[in-house]
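Here is a note for a colleague who is opening this structure for the first time. The points below are meant to be read with the model on screen, one after another.

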Amino acid sequence: MSIVVTGATGALGRLVVDALLTTVPAGEVVAVVRDKEKAADLAARGVELRIADYSAPETLAGAFRPGDRVLLISGSEVGRRVAQHAAVIDAAKAAGVAQLAYTGILGGPDADFTLADEHKATEQLILDSGLPYTFLRNGWYTENYTANLAAVLEHHAVVANAGEGRIASATRADYAAAAAAVLTGDGHLNTAYELSGDTAWSLAEYAAVISGLTGETITYNNVPAATHQEILVGAGLPEGFAAILVDVDEAIERGRLAGTSGDLARLIGRPTTPLAETVRAALPAA
């Protein structure tokens, strides 16, 4: 039996592998990757590589073994993910894996925004497969915001259409630690976890945190959805993806990413990473 992480060279996948290697021998960890060269550092640490591509079902036949515990990290190609995930689920079922964990989205079947649609469809495919499952319904990543700090500092503004909605975000490392916990521990089969940060915050509070850490005056500009769409497209985002982000902001305004179940902190055995700590780490060096 191995612990298998798909998408292991992605931002979340690498952190899951890192978390696993703190508790289990490298020889028990498998990384499923598309590009062997990109995973050379993982192989150097003793992790077994299996080469497969979500979009090439024939490559997935050798990705899993009977009894494996598998983490299916959701694909990044919005609009193609249901078919990609179905190929992984089929291969996992054919192999007879012991556990299929999946990184979905906070709220699961109750999530009512566009970005959730493929996650809900994937959860249903896993249920229909009959495989023992663990649903890791990840909330928003704090890095979704801190990755854009340079633009915020340049314009002295956080721009969104989320109103006064609150976001119970956590870091990728927090979510990765939870994935590692359910892959190495017992009692997680046929269970869904609603994963989010301990504290929900508003974008006005986010702007205030940046102001406090930088000494700059950063404001939160709540704009109409159509205006935000124009801003995002003007910044170079494809129209379809910009529309998804605008839709997420509307969901935030409705409170859909504000839930604080405590599941994440309980799984990782510590508080989730505070917003200010993540912002501080992401600020450009003085």
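This is a predicted model: local features need pLDDT of at least 70, side-chain atom pairs count only at pLDDT 80 or more; totals for chains, interfaces and linings use all residues.

Is valine 182 buried or exposed?

1. Valine 182 is buried, because its relative accessible area is 0% and the cut-off for counting as buried is under 20%. The residue belongs to helix α7, which covers residues 172-184. Leaving out residues up to four places away in sequence, valine 182 touches Arg69, Gln99, Thr134, Leu136, His188, Tyr193 and Leu267.

2. A second residue to look at is glutamine 84, which sits in helix α3 and is buried, with a relative accessible area of 3%. Its side chain makes a polar contact with the side chain of serine 55, at 2.8 Å. When neighbours within four places in sequence are set aside, the residues in contact with glutamine 84 are Tyr54, Ser55, Gly75 and Glu77.

3. The helix that holds glutamine 84 also takes part in a helix pair. Two packed helices are described by the angle between their axes and the distance between the axes. For helix α3 (residues 81-95) and helix α4 (residues 117-129), the angle is about 20° and the axes are 10 Å apart. Angles under 35 degrees count as roughly parallel, and α3 and α4 are therefore roughly parallel to each other. Their crossing is right-handed. On the side of α3, the contact is made by Arg81, Val82, His85, Ala86, Ile89 and Lys93, and on the side of α4 by Glu118, His119, Ala121, Thr122, Leu125, Ile126 and Ser129. Sorted by class, this contact of α3 with α4 holds 6 nonpolar, 4 polar and 3 charged residues.

4. Another pair to examine is formed by helix α8 (residues 203-214) and helix α12 (residues 275-282), whose axes come within 10 Å and cross at roughly 50°. Tyr206, Val209, Ile210 and Leu213 of α8 make the contact with Leu275, Ala276, Val279 and Arg280 of α12. By class, the contact of α8 with α12 has 7 nonpolar residues, no polar ones and 1 charged residue.

5. Two backbone positions deserve a careful look. Most residues other than glycine have a negative phi. Histidine 156, although it is not a glycine, has a positive phi of about 55°. Histidine 156 is found in the loop between α6 (149-155) and β7 (157-160), and it is partly exposed, with a relative accessible area of 32%.

6. The other position is asparagine 190, a residue other than glycine whose phi is likewise positive, near 55°. Asparagine 190 has its place in the loop between α7 and β9 (191-195), and α7 is the helix in which valine 182 lies. At 47% relative accessibility, asparagine 190 counts as partly exposed, whereas valine 182 is buried at 0%.

Methods:
Residues are numbered from 1 along each chain as its sequence is written. Side-chain values use heavy atoms; hydrogens and water are left out. Axes are lines fitted to C-alpha atoms, for helices over the stretch in contact, and angles run from 0 to 180 degrees between N-to-C directions. Helices (H or I, at least four residues) and strands (E, at least two) are DSSP runs, numbered from the N terminus. Angles under 35 degrees count as roughly parallel, over 145 as roughly antiparallel, 65 to 115 as roughly perpendicular and the rest as oblique. A crossing is left-handed if the near helix is turned anticlockwise from the far one by less than a right angle, and right-handed if clockwise. Contact means heavy atoms within 4.5 Å. Ala, Val, Leu, Ile, Met, Phe, Trp, Tyr, Cys and Pro count as nonpolar, Asp, Glu, Lys and Arg as charged, and the others, Gly among them, as polar. Buried means under 20% relative accessible area, exposed over 50%, partly exposed in between (1.4 Å probe, protein chains only). A polar contact is a pair of N or O atoms within 3.5 Å; within protein, one must be able to donate a hydrogen and the other to accept it, and residues adjacent in sequence count only if both atoms are side-chain atoms.
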